[in-house]
Amino acid sequence: MPLIRIASAFDIPKGGKKEIELEGKTIALFKYNGSFYAINGICLHRAGSLAEGELDENIISCPNHGWKYDIIDGKCLNTRGFTESYKTQAQGGDVFIEI
């Protein structure tokens, strides 16, 4: 699958997050422990923006009702489900995603 540039690596500080619209999808991009992670940016519960939530280590909390997701694999901690996660790669100061 082709990689698509989604951001400059310098736009997202350590522990930072950013919402990106790409190919009709809302993606939440995170920087954690020097790596980039991307998951579906819309909460499974009530469609809150995960990029607007509170990031604690590798767990993002939806700002609407507090549903929690692991940004590494998309696992929802409030139910047995997962939200979509995407492979990312940093190259030459840019962040790429595989969709």
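Tutor: In this predicted model, strand S4 is joined to strand S8, residues 85-91, by two bridges, and the two run antiparallel.

Student: Which residue in S8 is the bridge partner of Ala38?

Tutor: The partner of Ala38 in S8 is Tyr86. Ala38 also has a bridge partner in Leu29, and S3 and S4 themselves pair in the antiparallel sense over six bridges.

Student: How many residues lie between S3 and S4 in their hairpin?

Tutor: Two residues lie between S3 and S4 in that hairpin, and Asn33, which sits in the turn, has a positive phi of about 50°.

Student: And what about S2 and S3, how do they run?

Tutor: Strand S2, residues 17-22, and strand S3, residues 25-32, run antiparallel and are joined by six bridges. They too form a hairpin with two residues between them, where Glu23 in the turn has a positive phi of about 50°, and Leu22 stands opposite Lys25 in S3.

Student: Which residues have the most contacts inside the largest nonpolar core?

Tutor: That core has 15 residues, and those with the most contacts inside it are Phe30, Ile39, Leu50, Ile60, Tyr69 and Ile71. S3 and S4, the latter covering 35-40, each supply at least two residues of this core, and S3 gives the most, with three residues.

Student: What does Phe30 touch, leaving out residues up to four places away in sequence?

Tutor: With those left out, Phe30 touches Gly16, Lys17, Ser35, Phe36, Tyr37, Ile39, Leu55, Ile60 and Ile71.

Student: New topic: in what order do the strands of the open sheet come?

Tutor: The order is S5-S6-S7, three strands in an open sheet with antiparallel pairing. S5 (54-56) and S7 (68-70) stand at the edges with a single partner strand each, so one side of each is left without a neighbour in the sheet. Neighbouring strands of this sheet are turned by 25° against each other on average, with direction ignored.

Student: How many bridges join S5 to S6?

Tutor: Three bridges join S5 to S6, residues 59-61, and these strands run antiparallel; the bridge partner of Glu54 in S6 is Ser61.

Definitions and conventions. Residues are numbered from 1 along each chain as its sequence is written. This is a predicted model: local features need pLDDT of at least 70, side-chain atom pairs count only at pLDDT 80 or more; totals for chains, interfaces and linings use all residues. Side-chain values use heavy atoms; hydrogens and water are left out. Two strands pair if DSSP finds at least two bridges between them. Helices (H or I, at least four residues) and strands (E, at least two) are DSSP runs, numbered from the N terminus. Axes are lines fitted to C-alpha atoms, for helices over the stretch in contact, and angles run from 0 to 180 degrees between N-to-C directions. A nonpolar core is a set of buried Ala, Val, Leu, Ile, Met, Phe, Trp, Tyr and Cys residues joined through side-chain atoms within 4.5 Å. Buried means under 20% relative accessible area, exposed over 50%, partly exposed in between (1.4 Å probe, protein chains only). Contact means heavy atoms within 4.5 Å.
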